[in-house]
Amino acid sequence: MAQFTEAQFQKLLKTMGNIVRNGSFSHCTARFHGQRDPAAVEEFLTAITVCKDIEHISDADALTGLQLLLEGYAANWWIGVKSIVSTFDNAKALIKTTFSPPMPDWRIFASIYEQRQQKVEPTDSFVCKKCLLFSQLKSTVAEEIQLNIIFGLLQTKIRELVRRENVTTFEELLSACREAEHALAEIDDGTTTTTPLAEAITQTKSALRCSFCLSHGHSADVCLKKKKRDEKPQEHHYEIEVNTHTIRQAEPQVKRSALQFL
């Protein structure tokens, strides 16, 4: 049995500690199916990059094990192109180019304005999607401009409760929108609340009165009855007024003028 001195034992432990064991993607849970979704592609590439660094996976092993993380169409696509890929970075770039090709700025702006926040869509999720689109622009857009654009696409109910001039960062916007969503949810559920925001909602609704149908709770701009009236084709009615008295007085003159020719 070998005997080690204290110095030799410490040196051995230090040497063993410096040995780096290469891992693999066997414990990685990220999967990619080949969907052409920029968010899904970015999420997958970020996950495998982090896993490669944590598990100390070499480029060669990462390139070999990448097929374990691809499923469906993506797996078939990789079989056809892996022979032309030499490094792990090249593989990531090829995945991004194929399934998330860069869009021109005008098309990205069109996608940003394409859809407003839906009634049941959380503000956090909505803002996250828009920020992802902004990040794909070639030129950086100032945060204030991004806030103005995203704020204009929020639900009308939320914009009525959150004042734009009080919001200077995305963190403040999300915080104010969460409070507004919470107050709106309490009112929709019929629960009693004493928060100032909920009281402001109730007062705002009661103060509004439509100038068209005279009902409370909304204005003429969003009145459904007015909108229905405006969309209905206009029917023109013409009325002809006949003055019978004038006709009766004209009859004797017609008869006298006729007798003059006899």
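**The aromatic cluster**

A: Tryptophan 78 has a relative accessible area of 2% and is therefore buried (under 20% relative accessible area, with exposed over 50% and partly exposed in between, for a 1.4 Å probe and protein chains only). The model is predicted, so local features need pLDDT of at least 70 and side-chain atom pairs pLDDT 80 or more, whereas totals for chains, interfaces and linings use all residues. Residues are numbered from 1 along each chain as its sequence is written, and side-chain values use heavy atoms, leaving out hydrogens and water.

Leaving aside neighbours within four places in sequence, tryptophan 78 is in contact (heavy atoms within 4.5 Å) with Leu63, Leu66, Gln67, Leu70, Val85 and Ala91.

The structure holds 7 aromatic pairs, counted when the ring centres of Phe, Tyr or Trp (its six-membered ring) lie within 6.5 Å, with planes under 30 degrees apart called stacked, over 60 edge-to-face and the rest tilted. The rings of phenylalanine 32 and phenylalanine 99 are edge-to-face, because their centres are 5.1 Å apart and their planes stand at 80 degrees. Phenylalanine 32 lies in the loop between helix H1 (6-17) and H2, and phenylalanine 99 in helix H5, so this pair ties together parts that are 67 residues apart in sequence; helices here are DSSP runs (H or I, at least four residues), numbered from the N terminus. Both phenylalanine 32 and phenylalanine 99 are buried. The rings of tryptophan 77 and tryptophan 78 have centres 6.2 Å apart and planes at 45 degrees, so that pair is tilted. Tryptophan 77 also counts as buried, at 12% relative accessibility. Ring pairs link Phe32, Phe44, Tyr73, Trp77, Trp78 and Phe99 into a cluster.

Conventions
Helix = DSSP H or I, 4+ residues; strand = E, 2+ residues; numbered from the N terminus.
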